[in-house]
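The sequence and the structure come first.

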Amino acid sequence: MHQPAILERVPVAPAFIAALRERFGDRVQTGEAICRQHGTSEAHFDPVLPDAVVFARSTEEVVALVRMCVAAGVPVVPFGAGTSIEGNALPVRGGVSLDLSQMTEIVAVHAEDFDCTVQAGVRREELNVHLRDTGLFFPIDPGANATLGGMAATRASGTNAVRYGTMREAVLSLTVVTPQGEVIRTARRARKSAAGYDLTRLYVGSEGTLGVITEVTLRLHPIPETISAAVCGFETLQGAVDTVVQSIQLGVPLARVEILDDVQIRACNTWSKLDLPEVTTLFFEFHGSPAGVAEQVETVGQLAAANGGGNFQWASTQEDRSKLWKARHEAYYAAVNLRPGAIGWATDVCVPISRLPECITETKVDLAAASVPGTIVGHVGDGNFHVIFSIDPNAPEELAEVEALNARIVARALAMDGTCTGEHGVGLGKQEWLAEELGEGTVEVMRLLKRALDPQDLFNPGKIFAL
Ligand SMILES: Cc1cc2nc3c(=O)[nH]c(=O)nc-3n(C[C@H](O)[C@H](O)[C@H](O)COP(=O)(O)OP(=O)(O)OC[C@H]3O[C@@H](n4cnc5c(N)ncnc54)[C@H](O)[C@@H]3O)c2cc1C
């Protein structure tokens, strides 16, 4: 496992824990199991345990907790569903893991305005179940059933982003408890506004380092009249990527287009009981009117055929579509479990779409020479893809090899004017790349903001950059 950069822990006084218990009762937990659950990430980082876990149920409770922690100098690390994979929610300086998963109220749905407001602990799947009868849906889909607060905090996206954007576009407004223990709302529900600094965008992607998001107002979309999904295998990786790039360049409004290379398809066939040919494959979803979808399918079908693609295999029923996308969403676990007992490491670069074919094919050459199994899977319509490595936890040389491969993949993406993280955030894992990507001056402005808003460095300390 990878040892995260642990910061010096401030000892938390027993009297502080006692005061928490007085205020929050049995929603303060200090047991080993619950602390371990909140101090363990989905990925390759060693666990780091908080001193206590506190479950909040309202904005007022978050205010109370924040004020107690700030008065005592105790770090606060917001925690949603714990599905982030760059060590984002690990409490590297100890303190309180503030679990928002019990904040599950859907505060308001304004169907006529295509928006809703939810508490931060609502999960995206539950929101969509709630919305079903309104004819609307919330499209952002990171695969994992994450909380909307966590998704806002990591500026998440996923399979639908090529058509519907990321959390940057989806969030209209946030309610935030600041490090001073004040409640602010960053915007109203208007679709556009030029009112002052855009604090919504500042908090989206701030990874819990600038305060705690307690409510999120989100844009919604009409459920499309027609949804069709298909898979298509390709003779070459290059042919698959070229099909995607040409479709985007022609303006085809693809709703989802995901690439899975031959090794990933093999892993999915085993894990999700599929029987797809073990070649590089694109998973498509088309949304629109029946005529619009037919036109998209026609164009993409022609491009696929010209690039060495086979016939489309259609998943026309809801059940078939669910099976297909469930397999895609479980691709991470399928890849990690290529070797029983392995741990995962997912890279996350994103490049301008015209550079994608080059970036992905050069990465495949790296993987062919590697001794650790790695699959390519990604949201190629955005220029975003992951390599998922399956690492033997008892072989430090494998971790070192993957670290070097990750560095190579990131360096390649940066050289193409891309980014070290398309969607997972910086957390612990991407810190060394931030200044290289944006420049030291830009990171220094981020530090100035952090010091101004959180002068004691108590909110998710040690994340995104060193202060
Ligand atoms: C199998 C798998 C597939 C994934 N696929 C994708 C994908 O396609 N796209 C993608 O974007 N991500 C993906 N992820 C990563 C993950 O789902 C996202 O990062 C998600 O947004 C994390 O949400 P969470 O509720 O689990 O947050 P957590 O992991 O609990 O927290 C993430 C970060 O946000 C902060 N935070 C959480 N809640 C709040 C809050 N209310 N206020 C302030 N800060 C907060 C935490 O401190 C931490 O820094 C995947 C993960 C897995 C395991």
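A residue counts as buried when its relative accessible area is under 20%, and as exposed when that area is over 50%. The model discussed here is predicted.

With that cut-off, N145 is buried, because its relative accessible area is 18%. N145 sits in the loop that runs between strand 7 (136-137) and helix 5. Its side chain makes a polar contact with the side chain of E126, at 3.4 Å. Leaving aside residues up to four places away in sequence, N145 touches A81, R123, R124, E125 and E126.

**The ligand site**

The ligand is surrounded by 36 residues, and the closest of them are P78, G80, T83, S84 and P142. By class, the residues of this shell divide into 17 nonpolar, 16 polar and three charged.

| Residue | Protein atom | Ligand atom | Distance |
|---|---|---|---|
| T83 | polar side-chain atom | oxygen | 2.7 Å |
| P142 | backbone N or O atom | nitrogen | 2.5 Å |
| S157 | backbone N or O atom | oxygen | 3.0 Å |

Taken alone, the ligand exposes 980 Å², and the protein buries 97% of that area. Which elements give two or more residues to the shell around the ligand? They are strand 3 (76-79), helix 5 (148-154), strand 10 (212-219) and helix 13 (331-336). Helix 5 gives the most to the shell, with five residues.

**H38 in helix 2**

H38 belongs to helix 2, which covers residues 32-38. H38 counts as buried because its relative accessibility is 1%. The side chain of H38 reaches the backbone oxygen of I34 at 2.9 Å. Not counting residues up to four places away in sequence, H38 touches P50, V53, F55, F79, A89, P91, S97 and D99. H38 and L438 are 400 residues apart in sequence, and their C-alpha atoms are 31 Å apart in space.

**Positive phi values**

Two residues other than glycine take a positive phi here: K273, with phi near 55°, and I464, with phi near 70°. K273 lies in the loop between helix 10 (262-271) and strand 14 (281-288), whereas I464 is placed in the segment after helix 17 (440-453). Are these residues buried or exposed? K273 counts as exposed because its relative accessibility is 65%. I464 is buried, because its relative accessible area is 8%.

**Helix 9**

Helix 9 (residues 237-249) has 13 residues. From its first C-alpha to its last, helix 9 reaches 18 Å, close to the 18 Å expected at 1.5 Å a residue. Which residues of helix 9 are buried? They are L237, G239, A240, V241, D242, T243, V244, V245 and S247. The cover over these buried residues includes strand 13 (256-260), strand 14, helix 11 (290-306) and helix 14 (356-369).

Technical notes
Residues are numbered from 1 along each chain as its sequence is written. This is a predicted model: local features need pLDDT of at least 70, side-chain atom pairs count only at pLDDT 80 or more; totals for chains, interfaces and linings use all residues. Side-chain values use heavy atoms; hydrogens and water are left out. A residue is near a molecule or strand if one of its heavy atoms lies within 4 Å of it. A polar contact is a pair of N or O atoms within 3.5 Å; within protein, one must be able to donate a hydrogen and the other to accept it, and residues adjacent in sequence count only if both atoms are side-chain atoms. Accessible areas come from the Shrake-Rupley method with a 1.4 Å probe; for residues, only the protein chains shown count as cover. Helices (H or I, at least four residues) and strands (E, at least two) are DSSP runs, numbered from the N terminus. Ala, Val, Leu, Ile, Met, Phe, Trp, Tyr, Cys and Pro count as nonpolar, Asp, Glu, Lys and Arg as charged, and the others, Gly among them, as polar. Buried means under 20% relative accessible area, exposed over 50%, partly exposed in between (1.4 Å probe, protein chains only). Contact means heavy atoms within 4.5 Å. The expected span of a helix is 1.5 Å times one less than its number of residues.
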